[in-house]
Structures are given as structure tokens and as C-alpha cells.
Amino acid sequence: MNSIVCIKRVPDSETRVRIASDGLAVDRSGVKFDMNEYDKYALEEAIRRKEEAGEGLVTVLTVGGDDARETLRQALAMGADEAVLLRAETGFDGLPVAVALAEEIRDRPFDLLLFGKQAIDDDGMQVPAMVAELLGLPAATVVVSLEIEAGRAVARREVEGGHETVEFDLPGIVAAQKGLNEPRYPSLKGIMAAKKKPLEEKDVTLVEGGLELLELSGPPDRPEPQILGEGAEAVPELVRRLREEVKVL
Amino acid sequence: MLDYFLTDEHQMIRELSRTIADEVLRPVAADYDRSGEFPWPVVEKMAEAGLFGVFIEERYGGLGDGDRTMNMVLVTEELSKACGGISLAFAGTALGTLPIIIAGSDEQKEKYLPSIAAGERLAAFALTEPQAGSDAAGIRTTAIRDGDHYVVNGIKQWITNGGDAEIYTVVVMTNPEKGPRGASTLVIEKDTPGFGFGKKEDKMGIRASSTRELVFEDCRVPVENLLGREGTGFITAMKTFDASRPGVGAQALGIAQGALDLAVDWAISRKQFGSPVSSFQGLRFLLADMAMQVEAARALIYATARHIDGNPKARSTIYSAMSKCFASDIAMRVTTDAVQVFGGSGYMKDYPIEKYMRDAKITQIYEGTNQIQREEISRILIGEHIAGQS
């Protein structure tokens with residue numbers, strides 16, 4: 001069971017992100033980075049498949065700058081066998097990244113190609129489907145459970161208000177949703193072993209994408225809280241506001 | 001952050017411990033504090049990450065070759081920042097394992113250490129009894145030789161990890177007439193017939209840690225479970241405390257640092273008179289004093305841990321006692337001041353800070369009260385001075 005897992009280095013979900021002065025990028029100073037959370041489910045799934053099969057190779061792949069090396073090492077420490085850094089300056093457009101990944105993946109043999117369902121920084125949700133299109137492979141996205149038998153995969157997808165179960169032949173693409181598994185922490189021994197695992201780096205030139213970024217803007221400032229009163233007598237006014245102004249009731 | 005010139009491996013241990021503390025311990029700390037249950041799901045995560053191996057040699061499955069004290073201190077500090085109770089599942093296991101590391105034979109190490117390093121089995125150290133705490137000569141638990149077994153009878157009290165640990169290193173009297181020279185250390189496994197548990201204590205703090213009585217009634221323990229020779233129980237216990245007290249210091253340090261972090265966060269975000277309370281000098285100076293004390297405790301503990309690791313044959317009693325005593329005293333002060341910074345909110349259980357104050361208190365008491373630590377420090381200080389004059 002060979003898997004390739006595409007991962008992304010993103011700002012930690014706890015980090016407060018500021019928009020840079022040009023209004024077109026995120027200020028990276030003082031920002032803590034981590035592996036995209038959904039990618040951890042994808043990676044954990046690949047490692048478990050390999051452990052269950054008792055054989056196979058887990059390759060992690062990312063497009064990013066030099067600092068993405070740290071995220072690849074983290075993946076190796078969790079249990080991936082080898083890593084590839086496609087070095088390039090990436091932006092908000094998914095297409096150039098998808099093309100670069102597809103080019104790298106095309107000549108590699110694999111059974112499963114895994115992604116997180118989306119990256120939590122730009123929420124593009126484009127790359128898994130684009131890579132599927134470029135490689136001509138079936139793709140199941142937002143997957144919460146996966147069964148594989150004799151070259152066929154059955155994936156349970158989360159859809160609005162319920163679930164959808166799909167079946168496809170391998171090789172195929174799975175984009176992981178939270179709940180697929182519980183990702184492990186790298187162990188101390190895993191971290192030490194990761195230093196000796198292969199991490200290949202190559203410069204790539206990204207193709208032009210189709211999207212142009214015009215502006216980034218933050219969420220609106222939160223209004224000052226209002227105290228409507230105390231105890232039971234405040235409830236009618238609270239209910240009125242929730243119904244008429246906030247419209248949540 | 002002050003540069004303590006940690007090795008790459010130390011930094012890695014610290015980072016992983018911090019991640020687990022923040023992501024696994026912190027979200028559940030208040031729940032376990034309330035329920036007093038043993039935090040098994042958290043311990044499993046700590047075990048998977050390999051944290052229990054940091055104080056055990058590589059050939060027994062660990063990472064602690066040559067720097068086990070420093071490793072143990074770093075993990076304990078980081079975990080204690082998030083929860084001073086849950087961290088004891090780790091630190092109490094280190095304490096319970098130390099007698100095996102210090103006095104065990106190769107066969108005994110081979111038998112017990114790999115499962116401890118893997119986090120499959122927790123350990124506990126049992127010295128205290130209803131009539132004997134710091135007065136270790138008052139031990140009444142007996143282990144009388146009968147063929148190829150010892151028959152153990154007696155009660156051990158207030159044992160950290162009691163009931164949840166599988167491996168107990170127990171100080172017993174193999175020769176009660178000889179007093180302290182008649183003490184020995186036995187490894188007693190949980191499922192041994194005649195070994196049971198008394199009540200689980202309901203404590204002020206460190207409530208996620210289990211504290212129980214161990215009850216031995218004609219408990220037959222094979223003689224091969226004797227650590228070292230008969231009669232070496234006290235020296236093993238004293239060497240164990242030399243190595244473990246910096247760990248209590250690290251627990252206190254973590255609790256203090258965790259409380260300081262929360263206090264600074266609070267001071268920045270809490271507004272009074274139209275300004276953050278961190279703009280008021282009275283509060284700023286309080287924070288400055290807290291930070292100074294915490295950093296001084298860290299410097300002393302790290303230096304002591306390195307001294308122990310670098311001088312494995314020498315006794316470190318005075319520095320170990322200083323580390324434990326100083327750090328636990330500052331932890332009590334810093335956590336009390338942190339509650340003060342929070343004001344009325346600090347006194348409420350809805351906020352996380354009062355727990356730090358409750359958790360800190362035990363560090364001034366266990367593994368020898370701070371009065372006992374001062375006795376030890378002054379005894380060595382004055383003794384060395386007199387020896388120097390003669």
C-alpha cells in the first residue's frame with residue numbers, strides 16, 4: 001500500500017493573523033506555523049494503511065518555501081518515509097500548485113493520493129479536485145471513513161445534513177475531513193528518526209494561475225457588548241433582539 | 001527567552017512536551033481537577049509520544065543516556081505549566097523508577113524498564129507510612145525472609161500513582177531490629193496476592209493525580225525483587241530523592257510559569273478605569289517580581305539537573321534540596337500573586353488560576369517538607385564549613 005500525501009504549512013489555528021500593509025498578503029512576522037489540520041488526518045490515514053498492510057511507502061509532498069522543510073520533518077516524525085519539497089513562492093491561487101503537484105506525482109507509483117479537504121489559511125478547497133482532473137483520477141472529498149479491499153475503496157463523505165458513500169478503483173484521491181481518524185503526535189524516537197529520512201528538494205516554476213488577488217480584508221470589529229438588564233425581566237428584550245436584529249431565532 | 005544552551009535533543013523534548021501540554025492536558029485540566037479521576041486518555045498520549053522514556057537508558061528503550069535528570073526536568077516543567085496534577089503521572093513514575101535505575105541489577109532493569117519507557121506501565125515509590133514520613137526510621141512495614149520469598153506486612157500512605165501504577169518500589173524493614181540499617185527496597189507488582197489498596201485521598205490540589213494507601217497482608221514477594229543488598233533501603237531512598245527533588249522543583253516551576261503566563265494574559269486584557277490593568281504600576285511590579293522568581297528557580301533547577309547528570313557518582317543532596325525548596329516556595333508565592341492579579345475572578349473556579357495555587361501547595365510538602373529541606377541544606381552547609389576549618 002503506497003500513499004502520497006500532499007500537505008501544506010499554514011498559520012497555526014490559534015494564531016492571530018494580521019494583514020500586511022500592502023493589503024495583499026498576511027504578515028508572517030510573529031506567526032506560528034503548523035501542518036494544516038486536515039492534512040494531519042490525511043497523513044495519519046496513510047500511515048495507518050501502511051502499518052496495517054505491514055508494507056508500503058508513505059511519501060509527503062508540499063509546494064512552499066524553505067520554511068516548509070520543518071513541516072515535512074514533522075510529517076516524517078509522525079511516520080512518513082520520505083518527503084519532497086517543491087520549492088516555489090505560492091499565492092492564493094490553487095491552480096499553479098495543483099499543476100506542480102500533478103507534474104511531480106505523475107511518474108510516481110501509488111495506490112492512494114491523500115489531501116486534507118481544505119487548507120485552513122485560504123480555504124481554497126481547489127487543489128484535490130484540480131489534481132484529480134489533471135491526473136484523470138477519481139476523487140472523494142470531505143471523507144470521514146475509508147475502507148479499502150482488493151484495489152477498491154469505499155469512502156463515506158460528509159454532505160449537507162447527512163452522508164454519501166462512494167466507491168472507486170485505486171489509484172484514487174481522498175480528501176480527508178476531521179473524524180477520519182485521530183492523528184498521532186510524533187514520538188521522540190520518531191523525531192530522531194526523521195532526521196535521517198530522505199527529504200528531497202527541487203525548485204519548480206509555477207504556471208500562471210487564473211485568479212488575481214485584489215484585496216484582503218479582516219473581519220469587522222466586534223461591536224461593544226450591551227447589557228440589557230439582569231434576571232428574568234431582561235429576557236423579553238433579549239429574545240426580541242435575537243429575533244428581530246440578529247435573526248437567529 | 002533566556003538561553004540555557006539546551007541541546008537539540010533537549011529542545012525537541014521540550015517542544016513535544018509543550019505541544020502535548022497545550023493540546024492534550026490544558027483542555028481537560030479543569031475536568032480532571034473536578035472529578036479526581038485518573039487521566040488515562042492523557043497518559044496514553046504521553047506514552048505514545050515516548051515521554052516516559054526520557055529518564056531511561058537507550059538500551060532499555062529510552063532516551064536518557066547521560067542526561068536523564070535534565071530530560072525529566074524539562075518534561076515535568078512543560079506538563080506542569082498546563083496541569084500540575086496530570087504531570088504527576090509522569091513525574092511520579094520517574095520517582096518510582098529511580099530506585100530500579102539506581103540500585104537495580106541488569107536483570108531487574110531488563111525486566112522492568114522497557115515497559116516503563118514505553119509508557120505501558122506506570123511506577124510509584126512507596127516510603128511514607130502513617131507513622132513515618134520524613135522520619136524514615138519510623139518505618140513499620142516489614143519484609144521477613146521465608147525461603148525464596150519475603151513476606152510483606154504493613155501500610156504505605158499517600159502514595160502518588162497508587163492503584164494506577166503497576167510497578168511499586170517499596171521501602172520495607174527486612175531486619176527491624178537494626179533500625180535504618182535494616183531497611184531494604186523491594187519491587188512489588190500490582191497483581192501480587194496480598195497487595196491491595198486503601199482509600200483514594202480527596203485532596204486540595206493535584207486532584208488529577210491518584211494518592212492512595214498500599215496495604216500489604218502476608219504479601220509474598222520473590223527475593224529476586226530485592227533492589228541491591230538487604231540493608232541498603234535508606235541509602236537508595238536518599239539517592240532517589242537526590243535525583244527526584246529537582247523534579248519536584250520542575251513541577252513547582254511549571255506551575256509557577258503557567259500561573260505567570262495566565263496572569264500576564266489577564267493583566268493585558270482586563271480593563272479598569274478605562275485602561276488595561278497591566279498599565280498600573282502596582283500590578284506591573286507584582287508581575288516583574290513573579291517573573292524574576294520564576295527565572296531564578298529555573299536557573300537553579302537546570303544547573304542542579306546538569307550537575308547530577310554530569311557527576312553521576314557524587315551526591316547532590318544540598319543542591320537537590322535547594323532546587324525543591326526554592327522552586328516550591330516561589331511557586332506558592334507566584335501562584336498566590338497570580339490569583340491577586342486576577343482579582344475577584346481569580347478566586348472563582350470558573351477561571352483557571354485558583355487551581356494553580358492549590359496545586360502549588362503540595363510541592364512545599366511532599367518528598368520532604370521544606371522544613372526538612374532546610375534541615376538538610378543547613379546540615380551540609382555547616383558540616384562542610386566545620387570540616388573545612390579542621
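Where is the place of B:Arg245 in chain B? B:Arg245 sits in helix 7 of chain B, which covers residues 233-269; helices here are DSSP runs of H or I with at least four residues, strands are E runs of at least two, and both are numbered from the N terminus. Before going further, a word on the model: it is predicted, so local features need pLDDT of at least 70 and side-chain atom pairs count only at pLDDT 80 or more, while totals for chains, interfaces and linings use all residues. Residues are numbered from 1 along each chain as its sequence is written, chains are lettered from A and ligands numbered from 1 in the order in which they are written, and side-chain values use heavy atoms, with hydrogens and water left out.

**Helix 7 of chain B**

B:Arg245 counts as buried, at 6% relative accessibility. The cut-offs are under 20% relative accessible area for buried, over 50% for exposed, and partly exposed in between, with a 1.4 Å probe and protein chains only. Leaving aside neighbours within four places in sequence, B:Arg245 is in contact with B:Ser320, B:Lys324, B:Glu367, B:Gly368, B:Gln373 and B:Glu376, where contact means heavy atoms within 4.5 Å.

Helix 7 of chain B also holds B:Gln257. This glutamine, B:Gln257, is buried too, with a relative accessibility of 13%. Residues up to four places away in sequence aside, B:Gln257 touches B:Lys81, B:Val294 and B:Arg298.

**Where the two chains meet**

Let us turn to the interface. Chain B brings 18 residues to the contact and chain A brings ten residues. About 1200 Å² is buried between chain B and chain A, and carbon and sulfur atoms give 67% of that area. Buried area is the accessible area (1.4 Å probe) that two parts lose on being put together, summed over both. On the chain B side, B:Met12, B:Leu16 and B:Lys45 supply 41% of the area that chain B buries against chain A, more than any other three residues.

How many salt bridges does the rule find across the interface of chain B and chain A? There is one, a salt bridge being a side-chain nitrogen of Lys or Arg within 4 Å of a carboxyl oxygen of Asp or Glu. A:Glu182 and B:Lys45 form a salt bridge, with their closest N and O atoms 2.7 Å apart.

Helix 1 (8-25) and helix 3 (40-48) of chain B are the elements that give two or more residues to the side of chain B that touches chain A. Helix 1 of chain B gives the most, with nine residues. By type, the residues on this side of chain B divide into nine nonpolar, four polar and five charged. Here Ala, Val, Leu, Ile, Met, Phe, Trp, Tyr, Cys and Pro count as nonpolar, Asp, Glu, Lys and Arg as charged, and the others, Gly among them, as polar.

**Chain A as a whole**

Chain A has six helices and 13 strands, and its C-alpha trace spans about 65 × 45 × 40 Å along the principal axes. Of its 249 residues, 42% count as buried. Among contacts in chain A between residues at least 6 apart in sequence, 71% join residues at least 24 apart.

**Backbone points to look at**

Most residues other than glycine have a negative phi, and most peptide bonds are trans.

| Residue | Phi | Relative accessible area |
|---|---|---|
| A:Met125 | near 55 degrees | 47%, partly exposed |
| B:Trp158 | near 55 degrees | 54%, exposed |

A:Met125 is found in the loop between strand 8 (112-116) and helix 4 (127-135) of chain A, whereas B:Trp158 belongs to strand 3 (residues 149-160) of chain B. The peptide bond from A:Leu170 to A:Pro171 is cis, with omega near 0 degrees. A:Pro171 lies in the loop between strand 11 (162-169) and strand 12 (172-176) of chain A.

**The segment after helix 6 of chain A**

A:Lys247 has its place in the segment after helix 6 (235-244) of chain A, and at 63% relative accessibility A:Lys247 is exposed. A polar atom of the A:Lys247 side chain lies 3.4 Å from the backbone oxygen of A:Glu244.

Notes. Polar contact = N/O pair within 3.5 Å; in protein donor to acceptor, adjacent residues only side chain to side chain.
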